2 protein chains.
Amino acid sequence: MLRAAVALFIRKGYDATSIDDIAKSLNVTKSAVYHHVSSKEQLLAEVLDEALDELDSAVDAATRGTGPASERLRDVVRRSVEVLVAHQSAVTLLLRVHGNSDTEVAALRRRRRIDRALASLVNEAVEEGALRADLDPDVLSRLLFGMVNSLVEWYRPNGEISADQLASTVAALAFDGLVRA
Amino acid sequence: MLRAAVALFIRKGYDATSIDDIAKSLNVTKSAVYHHVSSKEQLLAEVLDEALDELDSAVDAATRGTGPASERLRDVVRRSVEVLVAHQSAVTLLLRVHGNSDTEVAALRRRRRIDRALASLVNEAVEEGALRADLDPDVLSRLLFGMVNSLVEWYRPNGEISADQLASTVAALAFDGLVRA
DNA sequence: GTCTATAAAGCGATAGAC
DNA sequence: GTCTATCGCTTTATAGAC
């Protein structure tokens, strides 16, 4: 039920998906769908909460860690990739939210909190001296997690590359760059 | 007119924006809008073509260049950032297209052509020996341009950082990485 | 738990007056 | 070039039978 809805939300977009679309994909009528969920918006809220809970826990672990910020940043990059792979549908929808309803506005607020925590971590790592200081840390943070988040648009788990390999590739590219060492 | 529509498409999403929304933002009625445009879909098509034309020309320049692939890749990364900044609205909408209409399907086809050309360039640069060969070139290409594309979600041209600075930051991060040299 | 039927509102788009 | 009015359709959501 939720899985069918999420699949359509991703393929067509939340706004372009009607309850009737969801019903048809399950070979039932609209009324049958409304027996299980109270509204289309609530369906979205459940998925967004799944994504936000997972990302929160990844970020909280990094924030509360004791080691050097650069190591905690490396860990949260890897953890984020794992979360995006394990909860790809939910995170994909979260990243597409516009703020068109109370549910979406609340999700955006929680997301901004996460983004701010990640930016703080990058700033800390730069101040530590572990990361380059010649570039704006806030811009670096946005680019870094923009790269991480972009993988929801193309990664397919059934392929040849595992979540673990992907996390290593992302971390290697982000920290060491494209150029041959 | 087009500008008002695009602003709303970006703020609320194309599907969640009605012709009446556009009309109200211009303080006219729906009919006045339809006097200037033939359909909501045509409005979207014009914007997507703007973005695709610009990206095409950036990629074509890199593809037809004569220097080393790694230099042409550096150039196309910089040029891409400049295009995303100069045509941010159009590119933002392009990156959000789902394929819900003929217009959107056609745009996705053109976009895939561009992505393939960029992936070829990354492959070439790896074969040349200029870029690291320990990571999958196709994955590198996706992550690199995922990072580039992600800037449409946060960059604001009125701020303190110029398009040129941003292009330098993106290139520096992508090629040399986060770690202090 | 699923159905038919329907309400109430919004949608894209058009006709025709001014 | 903008308006009022309207068509035809789809939307979210509910009522009530089985």
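Predicted model: local features only at pLDDT ≥ 70, side-chain atom pairs only at ≥ 80, totals over all residues.
1. Residues are numbered from 1 along each chain as its sequence is written, chains are lettered from A and ligands numbered from 1 in the order in which they are written, and side-chain values use heavy atoms, with hydrogens and water left out.

2. Around DNA strand C there are 14 residues, of which A:Thr29, A:Ser31, A:His36, B:Ile19 and B:Tyr34 come nearest; a residue is near a strand if one of its heavy atoms lies within 4 Å of it. Of the atoms of DNA strand C that come within 4 Å of the protein, 48% belong to sugar and phosphate.

3. The surface near DNA strand C draws at least two residues from each of two helices, helix 3 (30-36) of chain A and helix 3 (30-36) of chain B, with helices taken as DSSP runs (H or I, at least four residues) numbered from the N terminus. Helix 3 of chain A gives the largest share, four residues. By class, this surface holds four nonpolar, eight polar and two charged residues.

4. Chain A is divided into domain 1 (1-37) and domain 2 (40-176), with bounds from an automatic or database domain assignment. Their C-alpha centres lie 28 Å apart, and the contact (heavy atoms within 4.5 Å) takes eleven residues from domain 1 and 13 residues from domain 2.

5. The area buried between these domains of chain A is about 1,200 Å², and carbon and sulfur atoms give 72% of it; buried area is the accessible area (1.4 Å probe) that two parts lose on being put together, summed over both. A:Leu2, A:Ile10 and A:Tyr14 supply 46% of the area that domain 1 buries against domain 2, more than any other three residues.

6. On the side of domain 1 of chain A that touches domain 2, helix 1 (2-12) and helix 2 (19-25) each supply at least two residues, and helix 1 has the largest share, five residues.

Note on methods:
Nonpolar A, V, L, I, M, F, W, Y, C, P; charged D, E, K, R; others polar.
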